Amino acid sequence: MHRRDSIPAKPDPRAAAITQLTLTVFRLNGVLLHWGDKLVEPLGLTSARWQMLGAIVLAGTPLTAPQVGAAMGVTRQGAQKQLNLLLEQGLVEARPNAAHRRSPLYSLTPLGMALYEQADALWAARAAELAALIPAAQARAATRALESMLRELQAVNH
């Protein structure tokens with residue numbers, strides 16, 4: 001005879017859908033990082049460094065390491081590590097920050113901007129290829145779902 005409490009509860013289909021989404025995002029993240037590394041390798045970049053350059057360009061203003069990390073969803077330490085490597089490569093420069101002496105503002109050098117623009121052109125070609133395979137409405141729906149999940153998780157963690 002089986003005890004009632006040993007029977008597994010029927011999974012909530014909504015929770016199962018979120019679990020599937022999460023697992024797919026984890027797999028996609030790994031694939032995107034590997035794919036991105038290969039895409040920008042000829043430029044002497046990695047996905048991580050490309051992300052840091054992109055965060056600064058998309059902000060339209062110099063950023064601190066914590067701001068870069070927040071923009072890209074990585075820790076301040078992770079952002080700082082990549083920013084230090086970009087400094088060594090001469091792709092970003094650190095400027096004094098009047099608001100916080102120990103947290104410089106990072107901006108792209110002309111070489112950094114040129115490499116970012118080359119990476120962006122490589123991405124644009126790949127994005128066009130993907131756009132031919134994934135309908136825009138489907139991409140927008142996926143974006144909305146992921147942004148909702150992101151907002152909820154950020155609210156829980158703050």
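Select Ser103. Its contacts (heavy atoms within 4.5 Å), leaving aside neighbours within four places in sequence, are Thr64, Pro66 and Asn97. Ser103 sits in the loop between β1 and β2. Helices (H or I, at least four residues) and strands (E, at least two) are DSSP runs, numbered from the N terminus. Ser103 counts as buried, at 12% relative accessibility. Buried means under 20% relative accessible area, exposed over 50%, and partly exposed in between, with a 1.4 Å probe and protein chains only.

A word on the coordinates: this is a predicted model, in which local features need pLDDT of at least 70 and side-chain atom pairs count only at pLDDT 80 or more, while totals for chains, interfaces and linings use all residues. Residues are numbered from 1 along each chain as its sequence is written, and side-chain values use heavy atoms, with hydrogens and water left out.

**Next: Asn97**

Move to Asn97. This residue belongs to the loop between β1 (92–95) and β2 (105–108). Is Asn97 buried or exposed? Asn97 is buried, with a relative accessible area of 12%. Show its side chain: it reaches the backbone nitrogen of Ala99 at 3.0 Å. That is a polar contact: a pair of N or O atoms within 3.5 Å; within protein, one must be able to donate a hydrogen and the other to accept it, and residues adjacent in sequence count only if both atoms are side-chain atoms. Leaving aside neighbours within four places in sequence, Asn97 is in contact with Thr64, Ser103, Pro104 and Leu105.

**Zoom out: the whole chain**

Colour by secondary structure. The protein chain has 6 helices and 2 strands. From the N terminus on, the order is α-α-α-α-β-β-α-α. The radius of gyration is 20 Å, well over the 15 Å that the globule rule gives for 158 residues, so the chain is more spread out than a compact globule. That radius is taken over C-alpha atoms, and the rule is 2.2 Å times the number of residues to the power 0.38. Along the principal axes, the C-alpha trace spans about 70 × 40 × 25 Å. Of the 158 residues, 23% count as buried. Of the contacts with a separation of 6 or more, 49% join residues 24 or more positions apart.

Now colour by pLDDT, the predictor's confidence in each residue, from 0 to 100. The chain mean is 92, and 94% of residues reach 70 or more.

**Next: helix α2**

Select α2 (47–59). Its 13 residues should span 18 Å at 1.5 Å a residue, and the end C-alpha atoms are 18 Å apart, which agrees. The expected span is 1.5 Å times one less than the number of residues. Show the buried residues: Ser47, Arg49, Trp50, Met52, Leu53, Gly54, Ala55 and Ile56. They pack against α1, α3, α4, β1, β2 and α5.

**Next: the core**

Which residues have the most contacts inside the largest nonpolar core? Select Leu45, Leu53, Ile56, Val68, Leu83, Leu86 and Val92; the core has 22 residues. α1, α2, α3 (65–72), α4 (76–88), β2 and α5 each supply at least two residues of this core. The largest share, 5 residues, comes from α2. A nonpolar core is a set of buried Ala, Val, Leu, Ile, Met, Phe, Trp, Tyr and Cys residues joined through side-chain atoms within 4.5 Å.

Pick Val68. Leaving aside neighbours within four places in sequence, Val68 is in contact with Met52, Ala55, Ile56, Leu63, Ala79 and Leu83.

**Next: helix α5**

Select residues 110–133. The 24 residues of α5 should span 34 Å at 1.5 Å a residue; the end C-alpha atoms are 35 Å apart, which agrees. Gly112, Leu115, Tyr116 and Ala119 are buried in α5. Residues three or four places apart in an α-helix point the same way, because there are 3.6 residues a turn. The cover over the buried residues of α5 includes α1 (13–40), α2 and β2.

Centre on Leu115, which is buried at 12% relative accessibility. Leu115 touches Leu43 and Leu91, not counting residues up to four places away in sequence. Draw a distance to Pro135, 20 residues along: the C-alpha atoms are separated by 30 Å.

**Last stop: Val25**

Val25 lies in helix α1. Val25 counts as partly exposed, at 32% relative accessibility.
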